[in-house]
Amino acid sequence: WSGLAQIQDMIVDLARSAYGRCTMNKSEGLLTVHTTDSQIAFSQIADDASYSKHQGKTYCSLYQDEFGNYGPQSVQFSDRLRSNLRPPASFRAHIHRNANPMGKAHTYCMRRYVLRSPPGVPFREIDGDDLSPWFTWFTSDFTANPHLDQASYERQISAASQHSLPLQRAWLTGAWESLGGSMFQLDPA
């Protein structure tokens with residue numbers, strides 16, 4: 001919840017700077033931008049209860065942060081949320097998923113996006129279906145953010161991932177490669 005609250009606070013400040021009058025209902029996770037008559041809903045989706053509160057609502061876009069750390073159930077609910085993408089005819093539905101490699105959803109992201117095309121090259125979600133939505137994925141690393149103390153952050157990444165060289169490489173370079181050199185993850189259960 002703290003990560004969501006941080007993003008929520010940043011977007012509220014940004015919306016107020018850009019649009020003026022905005023109100024934030026923190027209990028409902030709903031930001032209303034009065035000058036554009038639009039709303040932004042902030043929510044965690046981890047179980048049936050958190051997912052069900054979205055049923056029947058209409059969204060124009062989905063923005064999912066730290067998607068690479070979503071567990072299997074959260075990934076499934078995130079995909080189900082696409083049934084709520086019902087923008088007006090003049091709009092195109094958007095799905096934005098930000099993810100770091102080597103998280104819980106690493107294999108899902110590899111299969112669904114990374115192995116489908118090179119970075120920046122659009123691909124159809126369903127090959128051969130001309131009506132299927134387009135997707136594009138990109139990669140970057142921490143050096144693309146000029147606002148960071150990059151030397152310090154590189155030391156922190158190295159210290160945080162010193163137990164796993166593949167994790168360290170992924171976090172330092174933004175590389176999406178297989179976990180431990182294999183495309184398969186074995187579940188002992």
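1. In what follows, Ala, Val, Leu, Ile, Met, Phe, Trp, Tyr, Cys and Pro count as nonpolar, Asp, Glu, Lys and Arg as charged, and the others, Gly among them, as polar. The structure is a predicted model, in which local features need pLDDT of at least 70 and side-chain atom pairs count only at pLDDT 80 or more, while totals for chains, interfaces and linings use all residues. Residues are numbered from 1 along each chain as its sequence is written, and side-chain values use heavy atoms, with hydrogens and water left out.

2. The chain has six helices and seven strands (DSSP runs of H or I with at least four residues, and of E with at least two, numbered from the N terminus). Read from the N terminus, these elements follow the order α-β-β-β-α-β-α-β-α-β-β-α-α, and the C-alpha trace spans about 50 × 45 × 35 Å along its principal axes.

3. Helix α1 (2–19) and strand β3 (38–41) each supply at least two of the lining residues, and the largest share, four residues, comes from α1. By class, the lining of this pocket has six nonpolar, three polar and no charged residues.

4. Helix α5 (residues 150–160) packs against helix α6 (residues 165–173) at an angle of about 155 degrees, and their axes are 9 Å apart. The two helices are therefore roughly antiparallel to each other, a term for angles over 145 degrees. Their contact (heavy atoms within 4.5 Å) is made by E154, I157, S158 and A160 of α5 together with Q168, W171 and L172 of α6. By class, this contact has four nonpolar, two polar and one charged residues.

Notes
Axes fitted to C-alpha atoms, helices over the stretch in contact; angles between N-to-C directions. Parallel < 35°, antiparallel > 145°, perpendicular 65-115°, else oblique.
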